[in-house]
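Dear colleague,

I am passing on the structure below for you to look through. My notes on what was found follow it.

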Amino acid sequence: MFDDFFIRALVAGIGVAFVTGPLGCFVIWRRLSYFGDTLAHSALLGVTLAFTMEFNIALSVFIISSLIALTLIQLQKRTNLPGDALLGLLAHSSLAVGLVVIGFLTFIRFDIMGLLFGDILAVTVDDLLIIWVGGAIILLILKLIWKPLFASTVNYELAEAEGLNPDRAKAIFTILMAAIIAISIKMVGLLLITGMLIIPAAMARNISSSPQRMVIYSIIGGLLSVILGLFTSLEFNTSSGPSIITAALFLFILSLFNIKQSIKLKN
Amino acid sequence: MNANQNILVKLKDAGFKINDKWLVQGVSLQVEKGKIVTLIGPNGSGKSTTAKIALGIYKKIEGEVEKYTNKIGYVPQKISIDWTLPLRVNDFMVLTESLKNEIIDEALSLTGVIHLKDKNLGDLSGGEFQRVLLARAISKKPELLVLDEPVQGVDFTGEIALYELIKRISDELNCGILLISHDLHTVMSATDHVVCLNGHVCCSGTPMDVAKNNEYKALFGEQASQILSRYEHRHDHIHTDEGKIKKN
């Protein structure tokens, strides 16, 4: 019924949605959407590195994104520039440098659109392995640091006072962010990864009353977005990333109607 | 190292400064099991800072902090919670430690807010939230409780009941309590040791010691709100603005 490539894309997308669901909730709670963007933009450098060195794309994106995150932390300590300016500086300069390097690599055929917006044709069996194994590891680590990370998201001083070591949890979470970008770049594309993180989580916020429920709804929202988006992509021959994100937006708009109705009921 | 097995936390000549301005300096105190130590002093005298030094929230400090327990319950003076989080009272109770349902219910009942268990934290009043904060801190049966003005915003009868509860918890759990309070009546009736701060330790001792102090007697009849602002000792120095010290 479906071509092999479509099944692969579906399995890959479902794997990605399981991980972006819970991570996306933390991105919203901790106000990290611009930070996610910065890491995603820097991923282009990682991709070019992978092509020049004939290296695994996911691994090289993971390394570069982690380095950018470390650079950001160092810059925050050493300059008086506000956090968002530093994020913008790193995001756009790493994107620009990545594009310039691509310009030099004339001997390699590059699918820029695929990199920026995702390409389901490009998902290989190896990618599936990276997404599912990598995703399982990310979720396992997130489960292990859940308590200190969540407690310090609610209130840093409470977490610190009661011995939960929030700084370590935050550092590990930063690495997890780099990892999710590395494994989802082929599916969603580097310009839209943050959308995959925050839109299903934002939808979930509208309809949930507890953090656990928000995580579950966020995963469900992500899964629905991937399935809807990929079918649209197949049907209308659109890029996979924008199709998935548009589906997510559609679900978010639906969740707004839910709120309006409950407000009406209250009055 | 810890000669006295009962000591939970010990500050030795501790101080903390931000941008070269000392918030508090030269504080020595210790909290033992089953004992209540109360910090009093005017606004900006370094009470909350001292509590945060004891808790290890401030790390770049002068002097030494020795902490002998990790089972700590903390009620901060100010807490800003981001309402982008969907958080019910029930979720907040298990924030730093997983607890059984019965234990959560018991703690919420003790502070009189069991009926709010499934409410959104953002929908509570100030006094209700304060009771939830206290319930959360005691529910984990800590060895050390740090309470920074734990009854602020609580109604008058509730205030008395909560202080009685704090005293009872200290006896029942044999836990040490570091209390910051503006209510001198409570301080005098329930505390084992009083430390009066004003950027440094002005005086300290048992409540009786402090009560014998002439100035203390003079102010004991004053309106509660004025007690602390008029609280003065026999000083060899006077206090200027921002808690600076000037020798006479």
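Helices α1(A) and α8(A) are roughly antiparallel to each other, a label given to angles over 145 degrees, since this predicted model packs α1 (residues 4-29) of chain A against α8 (residues 166-188) of chain A at an angle of about 150°, with axes 10 Å apart. Axes here are lines fitted to C-alpha atoms over the stretch in contact, and angles run from 0 to 180 degrees between N-to-C directions; helices are DSSP runs of H or I with at least four residues, and strands are runs of E with at least two, numbered from the N terminus. The contact (C-beta atoms, placed from the backbone, within 7 Å) involves, among others, Val16(A) and Leu23(A) of α1(A) and Phe173(A) and Ile180(A) of α8(A). By class, this contact has 11 nonpolar, 3 polar and no charged residues, where Asp, Glu, Lys and Arg count as charged, Ala, Val, Leu, Ile, Met, Phe, Trp, Tyr, Cys and Pro as nonpolar, and the others as polar.

Chain A as a whole has 11 helices and 0 strands, and its C-alpha trace spans about 60 × 55 × 30 Å along the principal axes.

Between the chains, 19 residues of chain B are in contact with 19 residues of chain A, and the chain B side divides into 12 nonpolar, 5 polar and 2 charged.

Residues are numbered from 1 along each chain as its sequence is written, while chains are lettered from A and ligands numbered from 1 in the order written. Because the model is predicted, local features need pLDDT of at least 70 and side-chain atom pairs count only at pLDDT 80 or more, whereas totals for chains, interfaces and linings use all residues.

Best wishes

Notes:
Parallel < 35°, antiparallel > 145°, perpendicular 65-115°, else oblique. Contact = placed C-beta atoms within 7 Å.
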